Amino acid sequence: MASQLPRIFSRRFCQPLAPLLKPASPILRNLRTKPAGRRTYATGESGPTPRPGQSPFKVWPFIAITLAGSGAYILMVRSRADMAPTTDLLKAPKKDTPVFSPENVTVLFVLGGPGAGKGTQCANLVRDYGFTHLSAGDLLRAEQEREGSEFGEMIKEYIRDGKIVPMEVTVQLLENAMTAQVEKDKSGKGKFLIDGFPRKMDQAIKFEETVCPSKFVLFFDCTEEEMQKRLLERGKTSGRADDNAESIMKRFKTFVETSMPVVDYFEKQGRVVKVIATQTPEAVYKETRGKLEQRLGKEF
Ligand SMILES: Nc1ncnc2c1ncn2[C@@H]1O[C@H](COP(=O)(O)OP(=O)(O)OP(=O)(O)O)[C@@H](O)[C@H]1O
Ligand SMILES: O=c1ccn([C@@H]2O[C@H](COP(=O)(O)O)[C@@H](O)[C@H]2O)c(=O)[nH]1
């Protein structure tokens, strides 16, 4: 099956992605059973004529086959008692350690509501501190546009409705992008701003367990009123399918219900650096730098 999935899902995410495949997938199509054809004899004859009072169907062979089949099935199930249940086939194999060690790779998650100014501030940090900026939304949009992507249509719908794309897709896209960057850097090290991620608890846990533990969350705190104003303004030129009033409302709802619990989770662990994002871009950046230097030291 791995060979039939897109290249981005080369490794351990192949199995959990199976349920995401649309029914039209050739993989699933091949598994559909053919409709039972009407059976005829090779000669075209319809078989011996039953005598009067005799049923045209012989039931005993069917009963015998059913009993034998049931018995074989019970034996098979018993012999599998100590094996993993078949549903486990859909779960990712558990990984013992993340792909990247936090000693070599620094990850800062960047969160905030839609339009809080995450991308704007990440660009400043890239310029001044040499971070690599990976926006989960950008990676998803690129995957959506990639020719032949099995997930293009699904991603499109999720983004338009402001919903969170199933984590396997996003985590794998991030891992791929990080790997490419770390391999490019001769030192084997990396400094990443992971923007707009994790937006859901399952993503946070999966990423830290399998890709890399993050140092903390840089959280841009902004009012809905201000974010809505910014997004509607951006929507005039961005060409984004979700920068319209209807999608913006859905994105706000998802943010409050699904993404804020992630911020609260990291907050409880003392792993959130909060910046007031309603100010001018310059003032937001000044506060960001100050708080990051405090947390990471001047040389971060
Ligand atoms: N502090 C600010 N004050 C006013 N406008 C801002 C500020 N920061 C960013 N903007 C503008 O608001 C819009 C959204 O900013 P940005 O794209 O950085 O937000 P974002 O949090 O990355 O959004 P999304 O989550 O939708 O990707 C942009 O048009 C940007 O120029
Ligand atoms: O982890 C993620 C991140 C994003 N999405 C989807 O993408 C859009 C746009 O994200 P931006 O950060 O605003 O560019 C978001 O509304 C989600 O639909 C996601 O599913 N998972």
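How many residues surround ligand 2, and which are the closest?

Analyst: Before we start, this is a predicted model, where local features need pLDDT of at least 70, side-chain atom pairs count only at pLDDT 80 or more, and totals for chains, interfaces and linings use all residues. Residues are numbered from 1 along each chain as its sequence is written, while chains are lettered from A and ligands numbered from 1 in the order in which they are written.

Now to your question: ligand 2 has 18 residues around it, and A136, G137, I164, V165 and G196 are the closest. A residue is near a molecule here if its C-beta atom, placed from the backbone, lies within 6 Å of it. Two elements each give two or more residues to this shell: helix 5 (136-145) and helix 6 (152-160). Helices (H or I, at least four residues) and strands (E, at least two) are DSSP runs, numbered from the N terminus. Helix 5 has the largest share, three residues. Sorted by class, the shell holds eight nonpolar, six polar and four charged residues. Nonpolar means Ala, Val, Leu, Ile, Met, Phe, Trp, Tyr, Cys and Pro, charged means Asp, Glu, Lys and Arg, and the others, Gly among them, are polar.

Contact means C-beta atoms, placed from the backbone, within 7 Å. I194 is also among the residues with the most contacts inside the largest nonpolar core, which has 47 residues. Such a core is a set of buried Ala, Val, Leu, Ile, Met, Phe, Trp, Tyr and Cys residues joined through C-beta atoms within 7 Å. Buried means 20 or more other C-beta atoms within 10 Å of a residue's own, against 12 or fewer for exposed and in between for partly exposed, with C-beta atoms placed from the backbone.

One more stop is helix 4, where K118, Q121, C122 and L125 are buried. Looking down its axis, the buried residues fall within an arc of 105°, so they line one face; the arc is that of the directions from the helix axis to the C-beta atoms. Their cover includes strand 2 (132-135) and strand 3 (190-195). Helix 4 also gives the most to the shell around ligand 1, three residues, and K118 is among the closest to ligand 1.

Note on methods
Contact = placed C-beta atoms within 7 Å.
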